[in-house]
Amino acid sequence: MAMLYEETLYSKWIIALLVPPIIGMSIGLYASFATGQGVLIMTVATALTIAVILEAMAFRVRVYEEGIFLSGFLGLFIRKTVRVDEIEWFAVREGWMSCPAKIHFILPAKACVYIKRKKGWDVSFSTNRPEEITEVLRSLGVQRGA
């Protein structure tokens, strides 16, 4: 299974917005260690919070010969696979908010890719390299649509 395309998108503003909860949880974890109370609960809560924050702060687009794999930064909670044979057509649109799919993987970027599926909900994701993703999807035989 050869990877044909990979891109990781993130936003500095979203990262800046998510840093305060990490700091707050770290302070709470230190306080629980210092007092010796609630250490287990605070450790688990801090670990889960950091995992969710890392997962939500960025996402990855990977295109293989078999399909497109979209995931959060860690790939733990947020993920979606679209097989190539499920794709009816795709469209690349300017602006990261211009794709009306039911399932969105979007962060601020140059463009978005709309995937019209034969069955199931359509999927969209943002990209900073629309020309490359177009070439890769065309090379897989996916038809370009509206």
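Trainee: Why is Cys 99 called buried?

Mentor: This is a predicted model, and the value is computed from its atoms. Buried means under 20% relative accessible area. Cys 99 has 5% relative accessibility, so Cys 99 counts as buried.

Trainee: What makes Cys 112 buried?

Mentor: The cut-off is again under 20%. Cys 112 has a relative accessible area of 0%, and therefore Cys 112 is buried.

Trainee: How do you know that Cys 99 and Cys 112 form a disulfide?

Mentor: The sulfur atoms of a disulfide must lie within 2.5 Å. Those of Cys 99 and Cys 112 are 1.9 Å apart. A search of the whole structure finds one disulfide.

Trainee: Which parts does the pair tie together?

Mentor: Cys 99 lies in the loop between strand S5 (87-94) and strand S6 (103-105), while Cys 112 belongs to strand S7 (residues 111-117), so the pair links parts that are 13 residues apart in sequence.

Trainee: Why is this disulfide called right-handed?

Mentor: The torsion about the S-S bond of Cys 99 and Cys 112 is about 90°, which means that the disulfide is right-handed.

Trainee: What is the order of the strands in the open sheet?

Mentor: The open sheet has four strands in the order S5-S7-S8-S6, and the pairing is mixed.

Trainee: Why is one side of S5 and of S6 left without a neighbour in the sheet?

Mentor: S5 and S6 stand at the edges and each has a single partner strand, so one side of each has no neighbour in the sheet. On average, neighbouring strands of this sheet are turned by 20° against each other, direction ignored.

Trainee: How do you know that S6 and S8 pair?

Mentor: Two strands pair if there are at least two bridges between them. S6 and strand S8 (residues 123-127) have three bridges, in the parallel sense. Phe 105 has Phe 125 in S8 as its bridge partner.

Trainee: What makes strand S2 largely enclosed?

Mentor: Of the seven residues of S2 (residues 58-64), six are buried, so the strand is largely enclosed by the rest of the structure.

Trainee: How many bridges join S2 to S1, and how many join S2 to S3?

Mentor: Strand S1 (residues 3-10) is joined to S2 by seven bridges, and the two run antiparallel. Five bridges join S2 to strand S3 (residues 67-72), also antiparallel. Two residues lie between S2 and S3, which form a hairpin. Arg 60 stands opposite Ser 71 in S3.

Key: Residues are numbered from 1 along each chain as its sequence is written. This is a predicted model: local features need pLDDT of at least 70, side-chain atom pairs count only at pLDDT 80 or more; totals for chains, interfaces and linings use all residues. Side-chain values use heavy atoms; hydrogens and water are left out. Buried means under 20% relative accessible area, exposed over 50%, partly exposed in between (1.4 Å probe, protein chains only). Axes are lines fitted to C-alpha atoms, for helices over the stretch in contact, and angles run from 0 to 180 degrees between N-to-C directions.
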